[in-house]
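Here is the note you asked for on this chain. Please read it with the model open beside you.

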Amino acid sequence: PIYLDYAATTPMEPLVIKNMIKFLTLDGTFGNPASRSHQFGWKAEESVDIARNQIAELINADSREIVFTSGATESNNLAIKGISEFYKKKGNHIITSKTEHKAVLDTCRYLESKGVRITYLNPSKNGIINLKQFKQHICEKTILVSIMHVNNETGVIQDVKEISKICIKNNILFHVDATQSVGKLHIDLNKIKIDLMSFSAHKIYGPKGIGVLYVRRKPRVRLSAQIHGGGHERGMRSGTLPVHQIVGMGIACKLAKKNIDHDYAYLKDLRNYLWEGLKDIDEVYLNSNLKYGAPHILNVSFNYIEGESLIMALKDIAVSSGSACTSASLEPSYVLRALGLKDELAHSSIRFSIGRFTTKSEISYTIKTVHKAIDRLRNLSPLWEM
Ligand code: PMP
């Protein structure tokens with residue numbers, strides 16, 4: 001089978017695994033980094049420090065700004081709930097967008113039930129937040145803006161630099177869900193004032209179950225912990241650090257930094273090649289932006305075809321309709337609907353996402369197989385007469 005669902009998760013780099021297994025057994029560094037009284041603890045802590053630095057370097061941050069979590073879902077929860085709680089005296093209004101990941105949207109819905117006011121911005125047709133409209137929603141009570149960098153369904157890139165400038169002017173904290181952009185696009189947190197940023201290791205060839213919330217130190221951002229206990233991670237997220245996961249994320253980030261330009265060019269070429277192979281199919285619509293989108297995602301709608309039936313027909317090719325997180329439901333993608341797509345087109349969308357291990361011959365095979373499947377399904381469809 002061919003794996004074209006890298007936006008859902010990636011396989012791990014062998015070098016990542018090779019390093020991780022050194023942190024599990026008695027003859028390795030299995031200790032608890034919080035054990036201050038013996039060298040098993042010290043060694044583990046040293047390894048965590050190295051990984052923290054590797055992760056910080058990828059985004060040009062300070063290692064003290066890295067807070068380990070179980071993944072981007074938890075990071076998004078911690079950022080939004082943590083800020084809302086800590087700054088509640090200052091205000092109770094948060095601005096986000098309709099095309100965010102559920103980990104942001106459902107967290108916001110939860111806060112609404114606690115009396116927080118949330119504005120869900122409607123992106124333009126091309127998926128990009130209209131900055132003028134955004135500014136109009138800012139008020140005295142606005143404490144946080146949460147906007148993702150790269151959309152996980154379409155690959156659309158938001159102008160986080162411009163959004164951050166508006167946040168600075170209005171003295172509002174800015175959270176970015178960068179799960180789909182870290183390791184793919186250059187992010188320099190020294191050059192752009194993002195206050196909080198979420199990402200996961202498993203989207204960049206690292207292990208699942210580990211992620212980071214970046215929390216800015218200058219100027220210092222405070223937040224209320226959501227998991228209480230031993231006061232780990234400077235009190236922001238308690239719990240014994242999973243050293244092997246952290247080391248794995250560190251190596252994954254080091255590799256991402258080294259390969260970022262090569263990966264970008266490689267993925268962009270493959271994605272363009274895939275689109276070239278599909279674009280002549282009748283009634284095919286591109287839901288991604290080839291020029292301004294992230295390089296690893298190609299979202300396409302095939303009119304008069306049910307996305308789900310196409311996925312079945314492509315049985316040896318792993319793709320998804322919408323995101324893995326919401327594909328349990330048969331609802332058409334809320335992201336594509338927010339971009340103004342009709343239900344039918346939203347229903348007939350497929351997300352192809354590629355990665356470092358994707359080959360050109362896999363893409364050629366995919367193009368051929370999609371053509372065959374579309375022909376067959378349309379011949380069966382009573383709606384299709386051409
Ligand atoms: N945000 C975005 C944009 C994502 O793509 C994902 C993963 N689908 C998440 C958050 C959640 O990440 P995780 O499953 O690692 O918690």
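The points below go from the whole chain to single residues.

1. Basis. This is a predicted model, in which local features need pLDDT of at least 70 and side-chain atom pairs count only at pLDDT 80 or more, while totals for chains, interfaces and linings use all residues. Residues are numbered from 1 along each chain as its sequence is written.

2. Overall form. The chain has 11 helices and 12 strands; these are DSSP runs numbered from the N terminus, helices being H or I with at least four residues and strands E with at least two. Its C-alpha atoms fill a box of roughly 75 × 55 × 35 Å along the principal axes. For 386 residues, a compact globule would have a radius of gyration near 21 Å, and the 22 Å of the chain agrees with that. The radius is taken over C-alpha atoms, and the globule rule is 2.2 Å times the number of residues to the power 0.38.

3. Packing. Of the 386 residues, 47% are buried. A residue is buried if 20 or more other C-beta atoms lie within 10 Å of its own, exposed if 12 or fewer, and partly exposed in between, with C-beta atoms placed from the backbone. Among contacts in the chain with a separation of 6 or more, 73% join residues 24 or more positions apart. Two residues are in contact if their C-beta atoms, placed from the backbone, lie within 7 Å.

4. Domains. The chain is divided into domain 1 (2–6 + 260–380) and domain 2 (14–255); such bounds come from an automatic or database domain assignment. The C-alpha centres of the two domains lie 28 Å apart. Their contact takes 25 residues from domain 1 and 23 residues from domain 2. On the domain 1 side, α7, β10 (297–302) and α9 (334–338) are the elements that give two or more residues. By class, that side has 11 nonpolar, 11 polar and 3 charged residues. Here Ala, Val, Leu, Ile, Met, Phe, Trp, Tyr, Cys and Pro count as nonpolar, Asp, Glu, Lys and Arg as charged, and the others, Gly among them, as polar.

5. Annotated site. Under "binding site", an unreviewed UniProt entry lists A72, T73, N152, Q180, S200, A201, H202 and T240. They span 169 residues in sequence, and the farthest two C-alpha atoms are 30.2 Å apart, so they do not all gather at one spot. UniProt positions follow the numbering used here, feature names are shortened, and annotations may be inferred rather than shown by experiment.

6. Ligand shell. The ligand is surrounded by 15 residues, and the closest are G71, A72, T73, N152 and S200. A residue is near a molecule or strand if its C-beta atom, placed from the backbone, lies within 6 Å of it. The shell divides into 4 nonpolar, 10 polar and 1 charged.

7. H202 sits in the loop between β7 (196–200) and β8 (211–215). H202 is buried, with 23 other C-beta atoms within 10 Å. Leaving aside neighbours within four places in sequence, H202 is in contact with T9, T10, P207 and K208. T240 lies in the loop between β8 and α7 (243–278). T240 counts as partly exposed, with 13 C-beta neighbours inside 10 Å, and touches N32 and A34, not counting residues up to four places away in sequence.

8. P11. Which loop holds P11? P11 is found between β1 (2–3) and α1 (14–20). The C-alpha atoms of P11 and P207 are separated by 8.4 Å, although the two are 196 residues apart along the chain.
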